[in-house]
Amino acid sequence: MKYIYYSGCFGGRAVCLGLRHPETAVRFGGFLDTGPLTEGPAGAVCVPEEAFREWERDTGLPGGASAEFNLAVYSTSDALLRQGACIIHAAALYYRGRAWLFAAESGTGKSTQLGNWMRLYPDDASRIMNGDKPVLRVTEKGTVEVCPSPWRGKEGWGDDGLTAPLGGVILLRQGREDRLAKADRFRSAARLLSCFFSRYETEDSIRGICGIEEKILRTVPVWELVNTGGSASTGLIRGAIEKETESDFPQG
Amino acid sequence: MISLRDDVVLEKVDGIWLLVALRPAWGACPFAMPVIPVYADIWQAVKDGRDEEEVTGMLAERNGFTAEKAEHVLSSFITSARKNHYLVEEGGRDGEAGPGTEA
């Protein structure tokens, strides 16, 4: 298979991507340097042939540029894991100087919550950082920062110029009522882990993910929001965030 | 002799022990499952090559269990491991496929 190689930068970490389809590079926008490299360096990240076959089998769609862009998130995250960063399946909201992650499986209400927030609170200086798959990186101080990525989700929501310290994580679960509580540590450790992207082919990748998750669990609150998707559930999150940050914003 | 899958990794995250499945184990085992510390000890001891008698001895020594209690805990672990398809059964069978977890 012939690949075209590009230098990329995700969360301040350099990653060299090898792409089969030239059109795929366009989807990365400013995250890749404009011109392809003349040679593929050692350690370049490529979507493996097996992943394309799985995609075609599972979706019935051809493994073209769209597939390559979507599949590249796994290999890119594995490359970032070797540099203390990774990609997580979550929507990221900037509010009160911090990033708040809404983490959940597809179709569980991440976009609904972001949409509610922007509709209900249009004037409070909150911004959508990334609608689907932001980059997380561990700082030298052992804290976690949320960074933009080209994978913005179906709505294309994202602000590629915005990086912020992680403030907290909200694990979303659909339900018939709206209820927010600090997440049970025993269960949320496994649930949050399933939100990290990796091909999960090596023990090192699992250790890398567990290391980043540990930093999250030790430094920020994790809530579980059972929700109907309505405005009231978004209000619960906002209330919890404001309480969490009230020492920084004593006048509300 | 208990035999555990090689494609499941035991890791500790913020004090919680997790069994995490590598890609080849998906579809057979849970993607990630929290386990109590005594099960984590058993998992590690088995991975280190200890047999059942050595594991029950370790449980008794570390936890102050009676021999009967240690055997009961080990038996419960084996039942749970079998249910979640973590055991490699005799003849190489590793249990019937169970539900996987999206990663």
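The text below covers the interface first, then the sheet of chain B, then a hairpin of chain A.

The model is predicted. In it, 24 residues of chain A are in contact with 21 residues of chain B. The size of an interface is often given as the accessible area lost when the parts come together. For chain A and chain B the buried area is about 2,100 Å², and carbon and sulfur atoms give 64% of that area.

Polar interactions also cross the interface. Between chain A and chain B there are 4 salt bridges. One of them joins the side chains of Glu54(A) and Arg23(B), with an N to O distance of 3.2 Å. Polar contacts between chain A and chain B number 7 residue pairs, counted where both residues have pLDDT 80 or more.

On the side of chain A that touches chain B, the elements giving two or more residues are α5 (185-193) and α6 (203-219) of chain A. The largest share, 8 residues, comes from α6(A). By class, this side of chain A consists of 9 nonpolar, 5 polar and 10 charged residues.

In chain B, 3 strands make an open, antiparallel sheet in the order β1-β2-β3. Its edge strands are β1 (8-13) and β3 (32-35) of chain B, each of which pairs on one side only. Neighbouring strands of the sheet are turned by 30° against each other on average, with direction ignored. Helix α5(A) packs on this sheet, where it touches β2 and β3 of chain B; the direction of α5(A) makes about 30° with that of β2(B). Helix α6(A) lies across β1 and β2 of chain B and runs at about 20° to β1(B).

| Strand pair | Bridges | 
|---|---|
| β1(B) and β2(B) (residues 16-21) | 6 bridges |
| β1(A) (residues 4-10) and β2(A) (residues 13-19) | 7 bridges |

Individual bridge partners can be named for each pair. In chain B, Glu11(B) has Leu18(B) of β2(B) as its bridge partner. In chain A, the bridge partner of Tyr5(A) is Gly18(A) in β2(A).

What lies between the strands in the hairpin of β1(A) and β2(A)? The hairpin has 2 residues there, and Gly11(A) takes a positive phi near 60° in this hairpin.

Conventions. Residues are numbered from 1 along each chain as its sequence is written. Chains are lettered from A and ligands numbered from 1 in the order in which they are written. This is a predicted model: local features need pLDDT of at least 70, side-chain atom pairs count only at pLDDT 80 or more; totals for chains, interfaces and linings use all residues. Side-chain values use heavy atoms; hydrogens and water are left out. Contact means heavy atoms within 4.5 Å. Buried area is the accessible area (1.4 Å probe) that two parts lose on being put together, summed over both. A polar contact is a pair of N or O atoms within 3.5 Å; within protein, one must be able to donate a hydrogen and the other to accept it, and residues adjacent in sequence count only if both atoms are side-chain atoms. Helices (H or I, at least four residues) and strands (E, at least two) are DSSP runs, numbered from the N terminus. Ala, Val, Leu, Ile, Met, Phe, Trp, Tyr, Cys and Pro count as nonpolar, Asp, Glu, Lys and Arg as charged, and the others, Gly among them, as polar. Two strands pair if DSSP finds at least two bridges between them. Axes are lines fitted to C-alpha atoms, for helices over the stretch in contact, and angles run from 0 to 180 degrees between N-to-C directions.
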